[in-house]
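Welcome, and please open your viewer. We will go from stop to stop, selecting a few residues each time.

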Amino acid sequence: MGGSHAILALDIGLTNCKSVVFSETGQVLGQSSVAYPTVHTEGTMEQDPGEWWKAVCHGVANLLDAQPELAKQIDGISVTGHMHALVGVGCDGEPIANAIVLGDQRGGKAARAITDELGLERIYRITGARMEASMPAAKLRWLRESAPDVFESARLFTGCKDFVRGILTGGD
């Protein structure tokens, strides 16, 4: 298998990062999983984006320690992740706070206000979904209204997979 081609898939899930190497025919050549915590309080769900990156690094290291030959076969990397995570990133590229993830309900009032302002039909045309507390737009509005220091100090807001892609590529 020395000359075969493979892809490393990284999946930033709600509970762990899965690292899987697939052959060009879709066969699983190796895999690893590393868990990270979610902070739960009344109506909130947050994760530390740094924990996602640590899980990526540990998962890939575990995978390649077990099967070092895979490193020479990997031609590309794919990154997927859970939906609706919201990560505020500062000018230095570092997260400014924990990510607000799926299941966080603080944006409920903001979601209702957005729905009242735009209407269900327009929201559906724009997003393909209803506006709910877990949607990034509701989370952003909640941050603007309830945590303006966090909102104002962010250079950008992104999702978990894009946060990890940014680290991997050194991009902004």
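Residues here are called buried under 20% relative accessible area, exposed over 50%, and partly exposed in between, using a 1.4 Å probe and protein chains only. This is a predicted model, in which local features need pLDDT of at least 70 and side-chain atom pairs count only at pLDDT 80 or more, while totals for chains, interfaces and linings use all residues. Numbering starts from 1 along each chain as its sequence is written, and side-chain values use heavy atoms, with hydrogens and water left out.

**The whole chain**

Start with everything shown. The C-alpha atoms fill a box of roughly 60 × 35 × 30 Å along the principal axes. The protein has 6 helices and 9 strands; these are DSSP runs numbered from the N terminus, helices being H or I with at least four residues and strands E with at least two. Of the 172 residues, 40% are buried. Contact means heavy atoms within 4.5 Å; among contacts between residues at least 6 apart in sequence, 62% join residues at least 24 apart.

**The largest core**

Now select Ile12, Val21, Trp52, Val56 and Val164. They have the most contacts inside the largest nonpolar core, which has 25 residues. Such a core is a set of buried Ala, Val, Leu, Ile, Met, Phe, Trp, Tyr and Cys residues joined through side-chain atoms within 4.5 Å. Two or more residues each come from strands E1 (6-12), E2 (16-23), E3 (28-35) and E7 (87-89), and from helices H1 and H6. H1 gives the largest share, 5 residues.

Stay on Trp52, which counts as buried at 0% relative accessibility. Beyond its neighbours within four places in sequence, its contacts include Ile12, Tyr36, His82, Val101, Cys160 and Phe163.

**Aromatic pairs**

Which rings pair up? The whole structure holds 2 aromatic pairs. Rings of Phe, Tyr and Trp (its six-membered ring) pair if their centres lie within 6.5 Å; planes under 30 degrees apart count as stacked, over 60 as edge-to-face and the rest as tilted. Trp52 and Phe163 are edge-to-face, because their planes stand at 70 degrees, with centres 6.2 Å apart. This pair links distant parts of the chain, 111 residues apart: Trp52 in H1 (residues 49-66) and Phe163 in H6 (residues 160-169). Phe163 is buried too, at 8%.

Next, select Phe151 and Phe157, a stacked pair at 5.8 Å centre to centre with 25 degrees between the planes. Phe151 is partly exposed at 23%, and Phe157 is partly exposed at 25%.

Select residues 108-118, helix H2. Its buried residues are Gly108, Ala110, Ala111, Ile114 and Thr115. They span an arc of only 160 degrees around the axis, so they lie on the same side of H2; the arc is taken from the directions from the helix axis to the C-beta atoms. Turned away from that side are the exposed residues Lys109, Arg112, Asp116 and Glu117. Helices H3 (120-127) and H4 (136-146) are included in what covers the buried residues. After H2 comes Gly119, with a positive phi near 85 degrees.

Ile114 also belongs to another core, of 7 residues, among them Ile123, Met131 and Ala138.

**Last stop: the cysteines**

How many disulfides are there? The count is 0, a disulfide being a pair of cysteine sulfur atoms within 2.5 Å. Select Cys160 and Cys17: the sulfur of Cys160 has its closest cysteine sulfur in Cys17, 9.7 Å away, too far for a bond. Cys160 is buried at 1%, whereas Cys91 is exposed at 68%.
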